[in-house]
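Below are some numbered points on the model, for reading next to the sequence and the coordinates. They begin with one loop and then go on to the rest of the chain.

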Amino acid sequence: MEELKQQLAEILTPDRKDRSQLIPILQQIQGKLGYLSPEAMLAVAEFVEIPGSTVYGIATFYNQFRFTPLGKHPVKVCMGTACHLAGGKLVLEAMARELDIEVSGITPDHDFSLDRVACIGCCALAPVVVIDDSVYPRMTPPKVEEVLVSVKPASQEQSEKQ
Ligand code: FES
């Protein structure tokens, strides 16, 4: 909790102690921590002096916020118009199946998290997936497994098991 307080100190500054700052504050916290933890939302509620349930209700209203940590390899499937029309939804479903997690979830080993994102500006390559900082163009469901293995080679999985 002490560590969280330190992490939030530069965001929760006295000049922002206002309900109108709630969304920008939550955006900044997510930018810093990668997600909104229950503890962080409670700290914000206390800071802005509104109930924790209100902060949670507002945060869950917007799909820009995530409530679980990011994996070591964050997987982002673009669902902008071009990618959606080119089969992005099928790619997203295939990723969720292959990783065996829900969208916005994280694998039990914390290696991968899965999110849908708005246009990332590579529409000519649609549908695209971003893993770490690499863009994977013209994705299809059959390519999903191959791409995930290339990110986390089997040898790495083996050495982690030992
Ligand atoms: S819609 Fe996916 S990159 Fe633009």
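1. Ser104 sits in the loop that runs between H6 and E2. The model is a predicted one, and the backbone at this position deserves a look: phi of Ser104 is near 75°, a positive value in a residue other than glycine. Most residues other than glycine have a negative phi. With a relative accessibility of 30%, Ser104 counts as partly exposed, because that class covers values between 20% and 50%.

2. The loop between helix H6 (88-99) and E2 also holds Asp100. Asp100 too has a positive phi without being a glycine, with a value near 60°. The relative accessible area of Asp100 is 67%, so this residue is exposed.

3. The loop between E2 and strand E3 (129-131) contains Pro127. The peptide bond that joins Ala126 to Pro127 is cis, with omega at about -5°. Most peptide bonds are trans.

4. For the overall layout, the protein chain has eight helices and four strands. Read from the N terminus, the order of elements is α-α-α-α-β-α-α-β-β-β-α-α. The C-alpha trace spans about 50 × 45 × 25 Å along its principal axes. Of the 162 residues in the protein chain, 40% count as buried.

5. The domain assignment divides the protein chain into domain 1 (2-61) and domain 2 (73-149). Taken over C-alpha atoms, the centres of domain 1 and domain 2 are 28 Å apart.

6. How many aromatic pairs does a search of the whole structure find? The search gives three. In one of them, the ring centres of Phe61 and Tyr62 are 5.1 Å apart and the ring planes stand at 90°, so this pair is edge-to-face. Tyr62 also pairs with Phe65, again edge-to-face, at 6.5 Å from centre to centre and 90° between the planes. These ring pairs link Phe61, Tyr62 and Phe65 into a cluster.

7. Phe61 has a relative accessible area of 67% and is exposed. Tyr62, at 33%, counts as partly exposed. Phe65 counts as buried because its relative accessibility is 6%, and the cut-off for buried is under 20%.

8. The largest pocket holds about 340 Å³ of space. Its lining has 14 residues, and those closest to the pocket centre are Asn63, Gln64, Asp115, Arg116 and Val117. Which element gives the most to the lining of the largest pocket? Strand E2 (residues 112-117) does, with three residues. By residue class, the lining of the largest pocket is made up of five nonpolar, five polar and four charged residues.

9. Helix H7 (residues 143-151) has Val144, Val147, Leu148 and Val151 as buried residues. Viewed down the axis of H7, the buried residues fall within an arc of 100°, so they line one face of the helix. An α-helix has 3.6 residues a turn, so residues three or four places apart point the same way.

10. Ala94 and Lys143 are 49 residues apart in sequence, and their C-alpha atoms are 9.3 Å apart in space. Ala94 belongs to helix H6. At 5% relative accessibility, Ala94 counts as buried.

11. Gly34 is found in the loop between helix H2 (22-33) and helix H3 (38-48). Is Gly34 buried or exposed? Gly34 counts as buried, at 13% relative accessibility. Gly34 and Arg66 are separated by 32 residues in sequence and by 8.0 Å in space, C-alpha to C-alpha.

12. The cis bond between Ala126 and Pro127 belongs with them.

Terms used: Residues numbered from 1 in each chain as written. Predicted model: local features only at pLDDT ≥ 70, side-chain atom pairs only at ≥ 80, totals over all residues. Heavy atoms only, no water. 1 Å grid on protein atoms, 1.4 Å probe; cavity = no way out; pocket = protein on both sides within 12 Å on 5 of 7 lines; lining within 4 Å. Points joined across faces, edges and corners; volume = space filled by probe spheres on them. Helix = DSSP H or I, 4+ residues; strand = E, 2+ residues; numbered from the N terminus. Nonpolar A, V, L, I, M, F, W, Y, C, P; charged D, E, K, R; others polar. Phe/Tyr/Trp six-rings, centres within 6.5 Å; stacked < 30°, edge-to-face > 60°. Buried < 20%, exposed > 50% of the residue type's maximum accessible area, 1.4 Å probe, protein only. Domains from an automatic or database assignment. Arc of directions from axis to C-beta.
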